[in-house]
Every structure is written in C-alpha cells, then in structure tokens.
Amino acid sequence: MTASKGTLFKAAPLAFVFLWSTGWISARAAIIDSDPLTFLATRFALAIVVFGLVLVAVGATFPKRGEDYLHAFAAGALLHSLYLGGVWYAIGEGIPAGLSAVIAALQPIMTAMLAPALISERVTARQWLGIAAGFGGIMLVLMPKMLTVPVDQFPQWRLALIVNLLAMASVTLGTFYQKRFLPSGDLRTTAFLQYVGALPLVVLAAYILEPMRLTLSWTSVATMVWSVLAISLGAVLLLLWLIRNGAVSRAATLIYLVPPAAALQAWLLFGETLSMLQIGGIALTVAGVALTVSRSKSA
C-alpha cells in the first residue's frame, strides 16, 4: 500500500462521517422553506449537472456494457431514491431526527446479519462486539431526545416510521448491490449514473405526494449548495470508495458515528447541551466502531 493510499484510508472515514452527518442538519433546514422531496429532487438534478461538468472536464470514462448502466441506475434507486427519499419524507412528516437516527443505526446490524449470505463476508466475534457496543453508545447519545418524543404521536407517524424502516433496508441492500455488481470502474461516472437513475423516482414521488413547493431564500440556497457539493458529491464519492475498498460490514458501521457527530455539531453551532451520559455514549460508540473496523496485522 502506498503512502498516499494509506493516508486516504485513514482520512476518508473521518471525512465521510463529518459530511454525512451534516445531512441531518441540511434536511431540517431544507423543510423550513420547501417540500422535502421537491428539495431532494432539485438537489439530485443539480448533482447531475455538476457531476456531468466534472466528467467532461477530466475526460472520465463511461462503462462499455449496457448492464453496467442498469446496475448503476438500480444502485442509485436503492442508495438515493428509496433511502434518502424515505428519510426526508419521514422527517417532513414530523419524525424527530433522533428517532430517525436510531432507525438508521439499525443498518450496521442488518448489514452484518446479511453479509455472510449475500457476499460471503465473514463477520468475526470481535466485529459483533463492536457493533453491539456501537449501538449501545448510539442509544446513550440519543436517549435524552428520545425521552422527549410524545408517545401519543406514534400512531400518527405509523406510515412515516414504516417508510423510514424501508429506507434503512434500502440503503443496506444498496450497499451490497454496489459491492457485488459495481466493483470497478470510475467512481465519478458511477455516482453520476446513480443520480440519473435516482432522479425520476424522486420527481414522481414529489409530484404525487407534495405541492412541489421550493422557496428561494438565503437558507434554502445555502443548504442546497452545501447539499450538492459536500454531500451529493463529496460524501457519496467517499461512501462508494469505502464500499469498494473495504468490507461492507466495516463501512456500514461508520454510520454509527453520524449521530454523535451531529450531536457535537449541534453543541458547537447551536449551543445544545451534552450530558455526561451522552459524552460516555459518544466514547462507547467510537470504541465500538474502532473495534469493528480495525484490521488484523496480517490484513
């Protein structure tokens, strides 16, 4: 392994966690002035334009086989349309971000359970211990927010909760699909084609479910710029790189770090308090992720 690639292996997970964690704040900011699916569809369309310009500028290569295009479109539907669309719909319906984050935290567990059957990836006892510790840490971090969720709201959120759970399952399957059917090729081209495949489904959902309100304001424009450049381009490219260059179960476990990272951002940006219990939960989550993603010396 070269020094530059070794540096990338160390920096990529941290950069991904930071960029991905800003998606929760972006979603909350976006729904102030716009309908969530309409905002998301616009974000995907702009990502296609920006990616297209980048691909032309660098002379990126496109797949030669038609089936590779279909695989990229299918992966885009799973990773972007159904996952992000489901999460944003749920948040737009009033699901608290903390509750949505707990549902998202089920992804590493589901990934570890399916990995042996779908891609013959062995999950060791040490990794299972790390997954369990990470989930326990997440619960400690989010417990204060969860205790404020009104129980009588759950019947009203029934559909939104189901959609959120399906979204979590979709990103899990999308991760396996990406690993199995798109193991090579230019990641920039792959990401571009995924957005091409994702856009029609989100536009259709927005047309059916929303009045398609998109209000231009300083908040919505700034949120859109960040969402397109930092999340749709930066975070997604890092996610695809992590999936391609490592075990799926290890890459999925990084999702555990997203809620603690978002909590730290809220503490720094908005002055939200962090209790000793939450700080302990963050430490437990980090330890669990480190236990899961660490490689043996022979590897």
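The dialogue below takes up helix packing, aromatic pairs and individual residues.

Tutor: The model is predicted, so local features need pLDDT of at least 70 and side-chain atom pairs count only at pLDDT 80 or more, while totals for chains, interfaces and linings use all residues. Residues are numbered from 1 along each chain as its sequence is written, and side-chain values use heavy atoms, with hydrogens and water left out.

Student: Why are α2 and α9 called oblique to each other?

Tutor: Helix α2 (residues 36-58) and helix α9 (residues 218-245) pack at about 60°, with their axes 10 Å apart. Angles under 35 degrees count as roughly parallel, over 145 as roughly antiparallel, 65 to 115 as roughly perpendicular and the rest as oblique. The pair is therefore oblique.

Student: What makes up the contact between α2 and α9?

Tutor: Contact means heavy atoms within 4.5 Å. Among the residues involved are Phe39, Leu46 and Phe51 of α2 and Met224, Ile231 and Leu237 of α9. By class, the contact has 11 nonpolar, five polar and one charged residues; Ala, Val, Leu, Ile, Met, Phe, Trp, Tyr, Cys and Pro count as nonpolar, Asp, Glu, Lys and Arg as charged, and the others, Gly among them, as polar.

Student: Why is the aromatic pair of Phe44 and Tyr195 called tilted?

Tutor: Rings of Phe, Tyr and Trp (its six-membered ring) pair if their centres lie within 6.5 Å; planes under 30 degrees apart count as stacked, over 60 as edge-to-face and the rest as tilted. Phe44 and Tyr195 lie 5.4 Å centre to centre with 50° between the planes, and the pair is tilted. Phe44 belongs to helix α2 and Tyr195 to helix α8 (residues 187-209), 151 residues apart. The structure holds seven aromatic pairs, and one aromatic cluster is formed by Phe16, Trp20 and Tyr83.

Student: Why does Pro259 count as buried, and why is Met212 called partly exposed?

Tutor: Buried means under 20% relative accessible area, exposed over 50%, and partly exposed in between (1.4 Å probe, protein chains only). Pro259 has 8% relative accessibility and therefore counts as buried, whereas Met212, at 35%, is partly exposed. Pro259 lies in helix α11 (residues 258-270) and touches Ala101, Ile138 and Leu142, not counting residues up to four places away in sequence.

Terms used:
Axes fitted to C-alpha atoms, helices over the stretch in contact; angles between N-to-C directions. Helix = DSSP H or I, 4+ residues; strand = E, 2+ residues; numbered from the N terminus.
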